[in-house]
Amino acid sequence: MAKSKSKTKSQRRTSPPPPPPPQQPLPSLLRQACKFFGTTAGLDLTLRLFQGLVIISAKAADEVVATRSFIASAQLDLARRYLRFFVLLDCIHNVLDTIAKEHASLAYKTLDLVEWSCLLMYFALENLTMLHDMKIHVLPWYRPVLVEANKFWLYAILASIARTVIRRAGLLFSRSPARSSKREQQQQQQQHPPPPPLRRLVIDALDLCLPASFIGWVAIDDVTIGCIMTLSTLLVWRDVWAKAQ
């Protein structure tokens, strides 16, 4: 009996640990693609990629193909206008959220508010020209309104660049205390979000050329515009893909 008890004790001691719980399988690529293309940002980004490639092909082909490419580019641009027509509501929400939310400093809050306010004005002015692009009603002030809209887009990109540079430099961050509760740490993470990657600066610098070219402040040919659109789209693709999952 003593031997059997010792055996059971040794078996209990040497028994293997329970297996870990099974991990949930990662979603398939098809499932991820469905989520990505099911969002407005994913569809707009895909059409933007096609538009950039079409603009590039317009200069690398003969006259007939170039004419069709320009028509395709205009139609893709109009399709993107349909998709982002109600993005104006998101901008209004972000402006109100920025005003109500606490930030690490007044400078960061100001830059965030400037960016979303300028994007709000950009989409509001752009939506005013929708009937003209749909060829329903000709607007004599079509071009001046789009020029002013692109100015607001340019100002929004400049605010994003300034915010990224300041956050990367660490000028707006204060060191958190060593001992703090979980609630305080969560509040600090909300007020001190991680700085955006340096890739964000490259994307904003490329996108800055688009409104500057439309306004006329920078002289850029169509092929360069297509290359800029394609490159910036590919760089931001990973972020939009991850956000859609």
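**Close-up views of an all-helix predicted model**

**View 1. An aromatic cluster is formed by F36, F37, W237 and W241.** This is a predicted model, in which local features need pLDDT of at least 70 and side-chain atom pairs count only at pLDDT 80 or more, while totals for chains, interfaces and linings use all residues. Residues are numbered from 1 along each chain as its sequence is written, and side-chain values use heavy atoms, with hydrogens and water left out. Rings of Phe, Tyr and Trp (for Trp, the six-membered ring) pair if their centres lie within 6.5 Å; planes under 30 degrees apart count as stacked, over 60 as edge-to-face and the rest as tilted. The whole structure holds seven aromatic pairs. The pair of F36 and F37 is edge-to-face, because the ring centres are 5.1 Å apart and the planes stand at 75°. F36 is buried, at a relative accessible area of 0%, whereas F37 is partly exposed, at 35%. Here buried means under 20% relative accessible area, exposed means over 50%, and partly exposed lies in between (1.4 Å probe, protein chains only).

**View 2. The protein chain contains 11 helices and zero strands.** Helices (H or I, at least four residues) and strands (E, at least two) are DSSP runs, numbered from the N terminus. Of the 245 residues in the chain, 34% are buried. The accessible surface, from the Shrake-Rupley method with a 1.4 Å probe and, for residues, only the protein chains shown as cover, is about 16100 Å², and carbon and sulfur atoms account for 64% of this surface. Among contacts (heavy atoms within 4.5 Å) with a separation of 6 or more, 73% join residues 24 or more positions apart.

**View 3. Helix α10 spans residues 198–215.** Its 18 residues reach 27 Å from first C-alpha to last, close to the 26 Å expected at 1.5 Å a residue; the expected span is 1.5 Å times one less than the number of residues. The buried residues of α10 include R199, I203, D204 and L206. Their cover includes α3 (40–59), α8 (142–169) and α11 (222–244). After α10 comes G216, with a positive phi near 105°.

**View 4. R81 is placed in helix α4, residues 63–83.** R81 counts as buried, with 4% relative accessibility. Apart from neighbours within four places in sequence, R81 contacts E126, T129, M130 and D133.

**View 5. K135 occupies the loop between α7 (130–133) and α8.** The phi of K135 is near 60°, a positive value in a residue other than glycine. Most residues other than glycine have a negative phi. K135 counts as exposed, at 76% relative accessibility.

**View 6. V165 belongs to helix α8.** V165 is partly exposed, with a relative accessible area of 43%. V165 and L201 are separated by 36 residues in sequence and by 7.9 Å in space, C-alpha to C-alpha.

**View 7. F86, L89, I92, L96 and I99 make a nonpolar surface patch of about 510 Å².** Patches consist of residues with over 30% relative accessible area and no salt bridge, with like charges joined within 9 Å and nonpolar side chains (Val, Leu, Ile, Met, Phe, Trp, Tyr) within 5 Å. A salt bridge is a side-chain nitrogen of Lys or Arg within 4 Å of a carboxyl oxygen of Asp or Glu. I99 lies in helix α5, residues 87–100, and is partly exposed, at a relative accessible area of 46%.
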